[in-house]
Amino acid sequence: MRNVLAITQRELLSLFFSPIAYIVTAGFLLLTGVLVIVTDSIAPGKPATLREVFMWTPFVLTMILPAITMRMISEEYRSGTIESLMTAPVTDGQMVLGKYLASVGFYVVMLATTLVYLVILAIYGNPDFGAALAGYLGLFLLGLPFLAVGLFTSSLTRNQIVAWILATVPLMLLAWFAYYIVASVQGWLRVVLQQVNVMTRLEMFNRGLIVTDSVVFFLGSAALFVFLTIKIVESRRWR
Amino acid sequence: MIEVRQLSKHYGTRKAVDNISFTVGEGEIVGFLGPNGAGKTTTIRVLTCFHPATSGTARIAGHDVLSQSLAVRRVIGYLPESVPLYPEMRVREYLRFRGRLKGLDRAAREAAIARVVERCWLNDVIGRPIGQLSKGYRQRVGLADALLHNPKVLILDEPTVGLDPRQIRETRSLIKELAKDHTVMLSSHILHEVEATCERTIIINNGRIVASGSPHELRERVSGESKLIAEVKGPHDDVVASVRKLNGVTDLRSETQNGWVRLTLATSADVRESIFKLSTERGWSVRELRRDIASLEDYFVKIVAGTRDASE
């Protein structure tokens, strides 16, 4: 565990020393700010809720979250630092887990910056804090597999832009495509799309419902991709 | 301390390392010498558990590099050839991070950092970001990292490449000093490097060990085939004929210039005295008479060239 935390700490330090952390956070705040405006969430006479903002945030996350993880492993391969890391007494699993925890930690901080909207709502209205809390929990849980996918693609290439595209495109398809076409397909495809349709899962959280099978889905898919990342890193030793 | 048995590493169909075996005893300082692309780094990467071998085994301090990889990684300090470092970190931050990875607790870590910073002359740059440091300083940061947990075995891949002459000398003396309480294995493609620092040399080419021994032993092997150069003034044919008859001359080449006959002899014994005596008997003048002992450099070039010919 000490090794995992050492990696996490270094990764966070690197993130905050590079412009990427600030660009990503600024981009996220800007986009969610735009969402607040276009959804008329803070307007006289409207219900004091961030439900619509939360509804659209996953689309932003498909682009923003892979930007946090894109360099985490690819950069180690590109710069050769993977050699000193892999010859230190650290297992590949500890390394990947440490990096993953760093990305989750960063995401939590980034998500926390949007609390400002809730504060504004609380000043001018009377928001349902329970539903807001569930909404935040939903976004947090949704981010876990997104970050894991981002870390996974980062382990596949030494080019961070390639890693970003490899993660963003499938995540966009998942978030948008599944949501819009699930009703128009039949058979097994429908069953699969219903399961991976993260938007519908998120809707439940926005209503203030914490559904166990969604929690399991988010945690399980995150664990799957973290596991795959570890396997990729291990297998690259053999090449 | 290091025990390598029939180790091979293939990249696809290319044999980067082909069935090599060697051992390095405790406290020894061994140089791994070979031209670029000979398989030095590949071997070192197997020893440091960076990648597994295709076949064969390697043990370090009794631990197998494949099955007891973490134990091996705990006892070695490794300086990779390219000295990969995180440019955004400061030297102190980097060493703290590495110390944590190597399992040192806070007190031990700070003590270790103070020790290696002193040893590697890093005091001036401890608070600077690594990205701003010169190549020489980066090399020292890499070395400091390798020494951090006071490892039994130090493996240094091309430790002086890219340094200026003064830094090379400093690094060499540091390595020599380290050899007092560590087993050191260093690789180099420069002969002087190995000759200046190591007790024993392993010469590798095309993935195979072509020679090994102390610099002295290696030189002994070549001195048997030493050349002798003589320049005398006399009738060409007479000179050549009489010198050829001398005991111990195995081959002779000659050329004439302004009445001087220049002889290049391959000899199995030292015939300088006989040539001198012959010359005085015949009344020839002598202006040069010397034995050209093959240097280790020649030997190195010769075996490297030889194995290349043999394999092509």
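Modeller: In this predicted model, the C-alpha centres of domain 1 of chain B and domain 2 of chain B lie 50 Å apart, where the bounds come from an automatic or database domain assignment. Domain 1 covers 2-214 and domain 2 covers 227-292 of chain B.

Biologist: How many helices and strands are there in chain A?

Modeller: Helices (H or I, at least four residues) and strands (E, at least two) are DSSP runs, numbered from the N terminus. By that reading chain A holds 12 helices and zero strands. The radius of gyration, taken over C-alpha atoms, is 19 Å for chain A, close to the 18 Å that the globule rule (2.2 Å times the number of residues to the power 0.38) gives for 239 residues, so chain A is as compact as a globular protein of that length.

Biologist: What box do the C-alpha atoms of chain A fill?

Modeller: Taken along the principal axes, the box is roughly 60 × 45 × 30 Å.

Biologist: What percentage of the residues of chain A count as buried?

Modeller: Buried means under 20% relative accessible area (1.4 Å probe, protein chains only), and 53% of the 239 residues of chain A count as such. With contact meaning heavy atoms within 4.5 Å, residues 24 or more positions apart account for 77% of the contacts in chain A with a separation of 6 or more.

Biologist: And what conventions lie behind these values?

Modeller: Residues are numbered from 1 along each chain as its sequence is written, and chains are lettered from A in the order in which they are written. Local features need pLDDT of at least 70, whereas totals for chains use all residues, and side-chain values use heavy atoms, with hydrogens and water left out.

Methods:
This is a predicted model: local features need pLDDT of at least 70, side-chain atom pairs count only at pLDDT 80 or more; totals for chains, interfaces and linings use all residues. Buried means under 20% relative accessible area, exposed over 50%, partly exposed in between (1.4 Å probe, protein chains only).
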